[in-house]
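Reader: I would like to go through the terms used for this model and hear, for each one, what makes it apply. Could we begin with the open spaces?

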Amino acid sequence: MANETEAVLSGVGPRLKALRLQRGSTLAELAESTGISVSTLSRLESGQRRPNLELLLPLARAHAVPLDELVGAPATGDPRVHLRPFKRNGQTYLPLSSGTGGLQAFKLLLPGGSSLPQPDPQVHEGYEWMYVLRGRLRVVLGERDFELKQGEAAEFDTRTPHWFGRATTESVEFLTLFGPQGERMHVRAAPAK
């Protein structure tokens, strides 16, 4: 049992470092958001400091992951599908739906950075809907170039040249629904009075 515990704890540091690097954070930024000193964070990541609950809880919140993911807890036999985030082109995608066909839902995180990305519009089959949760999202759609801020949404045919990215140096978090066969989203509004 002690060997199993040591094996679990020794994997925490590399997972913490990988999460921080995926988010594009520095130790100083993480220290500011968690209240944990830079030296303690560094020692945790390198395995020189044994993790404890008082350190892991604020780190799980800062990285927006369950505590189980930080410690590499074994699967519990839960029958639900646990979708894992993945990175593509520097963006973090969290699938919110499973399967490969039909409508797909994702939560996207575009990490902050010192330079702004340059538009490179693309076209493909489908229809997309976006809703901004946090930050400002720049959208280039054909000849239009505009920003969506928190609480705003857009929908468009993806056969129109389109591109999206951060509008500022701050990170952006948004939801997107994509229908590869061009399925439109059906938004219900209150009936006219």
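Author: The search runs on a 1 Å grid over the protein atoms alone, where a cavity is a set of points at which a 1.4 Å probe fits but cannot get out, a pocket is an open set with protein on both sides within 12 Å along at least five of seven lines, and lining residues have an atom within 4 Å of a point. The model is a predicted one, in which local features need pLDDT of at least 70 and side-chain atom pairs count only at pLDDT 80 or more, whereas totals for chains, interfaces and linings use all residues. Residues are numbered from 1 along each chain as its sequence is written, and side-chain values use heavy atoms, with hydrogens and water left out.

Reader: Which residues line the second largest pocket, and which lie nearest its centre?

Author: The lining has 23 residues, and those nearest the centre are Asn 89, Gln 91, Tyr 93, Leu 108 and Phe 164. Two or more lining residues come from each of strand 1 (86-88), strand 2 (91-95), strand 3 (104-110), strand 8 (162-166) and strand 9 (172-179), and strand 8 gives the largest share, 5 residues.

Reader: What makes a stretch a strand or a helix here?

Author: Both are DSSP runs numbered from the N terminus, helices being H or I with at least four residues and strands being E with at least two. The protein chain has 6 helices and 9 strands on that basis.

Reader: How is the lining of the second largest pocket divided by class?

Author: Ala, Val, Leu, Ile, Met, Phe, Trp, Tyr, Cys and Pro count as nonpolar, Asp, Glu, Lys and Arg as charged, and the others, Gly among them, as polar. The lining then comes to 10 nonpolar, 9 polar and 4 charged residues.

Reader: Is Asn 89 buried or exposed, and how do you know?

Author: Buried means under 20% relative accessible area, exposed means over 50%, and partly exposed is in between, with a 1.4 Å probe and protein chains only. Asn 89 has a relative accessible area of 72%, and it is therefore exposed. Asn 89 sits in the loop between strand 1 and strand 2, and its phi is positive, about 55°, although it is not a glycine.

Reader: Why is Leu 94 called partly exposed?

Author: Its relative accessibility is 29%, so Leu 94, which belongs to strand 2, counts as partly exposed. Contact means heavy atoms within 4.5 Å, and, not counting residues up to four places away in sequence, Leu 94 touches Leu 83, Arg 84, Pro 85, Ala 105, Phe 106 and Lys 107.

Reader: And what makes His 63 and Tyr 127 count as buried?

Author: His 63, in helix 5, counts as buried because its relative accessibility is 5%. Leaving aside neighbours within four places in sequence, His 63 is in contact with Leu 16, Leu 19, Arg 20, Arg 23 and Leu 30. Tyr 127, in strand 4 (residues 127-134), has a relative accessible area of 8%, so it is buried too. Of the 193 residues of the protein chain, 34% count as buried.

Reader: How do you know that the buried residues of helix 3 are on the same side?

Author: Leu 27, Leu 30, Ala 31 and Thr 34 are the buried residues in helix 3. They cover an arc of only 105° around the axis, which puts them on the same side of helix 3, the arc being that of the directions from the helix axis to the C-beta atoms. An α-helix has 3.6 residues a turn, so residues three or four places apart point the same way. The face turned away from the buried side of helix 3 carries the exposed residues Glu 32 and Ser 33. The buried residues of helix 3 pack against helix 2, helix 4 and helix 5.

Reader: What places the buried residues of helix 4 on the same side?

Author: In helix 4 (residues 38-46), Thr 40, Leu 41, Leu 44 and Glu 45 are buried. Their arc around the axis is only 135°, which puts them on the same side of helix 4. They pack against helix 2 (12-23), helix 3 (27-34) and helix 5 (53-63). Helix 4 is followed by Gly 47, with a positive phi near 85°.
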